[in-house]
Amino acid sequence: KGRRAFDDAYGLNAIIVRRSADKSGKEGVLSIERETLPWERTEQVTAEEYGRIVTETRALADLCAGAGITLAFECHGNTLTDDYHSSMKLMQDVGHPNAKMYWQPNNLYTVAYNKEAAAALRPHLVNVHVFNWPRPGTREVMANARELWREYAAILTAEGADPWWLLEFMPDDSPASLDAEARSLRELLNE
């Protein structure tokens, strides 16, 4: 009832929001599910499709705002947010205060590009995905990237910005590494 979602695959991880009745029968309960859809790069979407994405994103941002939930999209390869220019365009075209972004460094680009992207997207960010992948396919401990992440943190927290920081990957994919990685991140953020 009252379902709003992207009804086609436009390269975003669609969030499906349903307004339904709670157990007492009271309307207005909001549930959110994440659905992974086939992804398309920005240049693969027609102007008409893009316009529809913008319109539906605004509607979804309104719906989420009414429930106290922030709508956020991840900067991610092979999507409409595959680089920071297309991410900025989406945020500007949507123009909704409740439509936000996640940021993460992209090891397919240079450090200079990632710093530029962090600075450009900072006003739109709610979350930062933290990990140390110095090269594609290579994961290392956060302690090895302390100086780089110190620089990212300075950019991402400038002008009073205060995003959430999320450890997205463990260097060895082991939950046993979480304590050490979290300690490295906390130390970095508290310097």
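Select Arg150 and show what surrounds it: once residues up to four places away in sequence are set aside, Arg150 touches Leu188 and Glu191. Since this is a predicted model, what you see here is a computed arrangement of atoms. Now keep Arg150 and Glu191 selected together, and note that they stand 41 residues apart along the chain, while their C-alpha atoms are separated by 8.5 Å. If you display the side chains of Arg150 and Glu191, you will find that a polar contact of 2.6 Å joins them. Colouring by secondary structure shows that Arg150 belongs to helix 4, which covers residues 146-156.

Next, select strand 5, residues 125-130, and pick out His129 within it. Show the side chains of His129 and Gln104, and you can trace a polar contact of 2.9 Å between them.

Step back now to the whole chain, where the secondary structure amounts to five helices and six strands. Followed from the N terminus, these elements come in the order β-β-α-β-α-β-α-β-α-β-α. The chain has 191 residues, of which 40% count as buried, and, among contacts between residues at least 6 apart in sequence, 65% join residues that are at least 24 apart.

For the last stop, select helix 1, residues 47-66, together with helix 2, residues 84-94, whose axes come within 9 Å and cross at roughly 60°. Because of that angle, helix 1 is oblique to helix 2, and the crossing of the two is right-handed. To see which residues make the contact, display Tyr50, Ile53, Val54, Thr57 and Arg58 on the side of helix 1, and Lys89, Leu90, Asp93 and Val94 on the side of helix 2. Coloured by residue class, the residues of this contact between helix 1 and helix 2 divide into five nonpolar, one polar and three charged.

Conventions:
Residues are numbered from 1 along each chain as its sequence is written. This is a predicted model: local features need pLDDT of at least 70, side-chain atom pairs count only at pLDDT 80 or more; totals for chains, interfaces and linings use all residues. Side-chain values use heavy atoms; hydrogens and water are left out. Axes are lines fitted to C-alpha atoms, for helices over the stretch in contact, and angles run from 0 to 180 degrees between N-to-C directions. Helices (H or I, at least four residues) and strands (E, at least two) are DSSP runs, numbered from the N terminus. Angles under 35 degrees count as roughly parallel, over 145 as roughly antiparallel, 65 to 115 as roughly perpendicular and the rest as oblique. A crossing is left-handed if the near helix is turned anticlockwise from the far one by less than a right angle, and right-handed if clockwise. Contact means heavy atoms within 4.5 Å. Ala, Val, Leu, Ile, Met, Phe, Trp, Tyr, Cys and Pro count as nonpolar, Asp, Glu, Lys and Arg as charged, and the others, Gly among them, as polar. A polar contact is a pair of N or O atoms within 3.5 Å; within protein, one must be able to donate a hydrogen and the other to accept it, and residues adjacent in sequence count only if both atoms are side-chain atoms. Buried means under 20% relative accessible area, exposed over 50%, partly exposed in between (1.4 Å probe, protein chains only).
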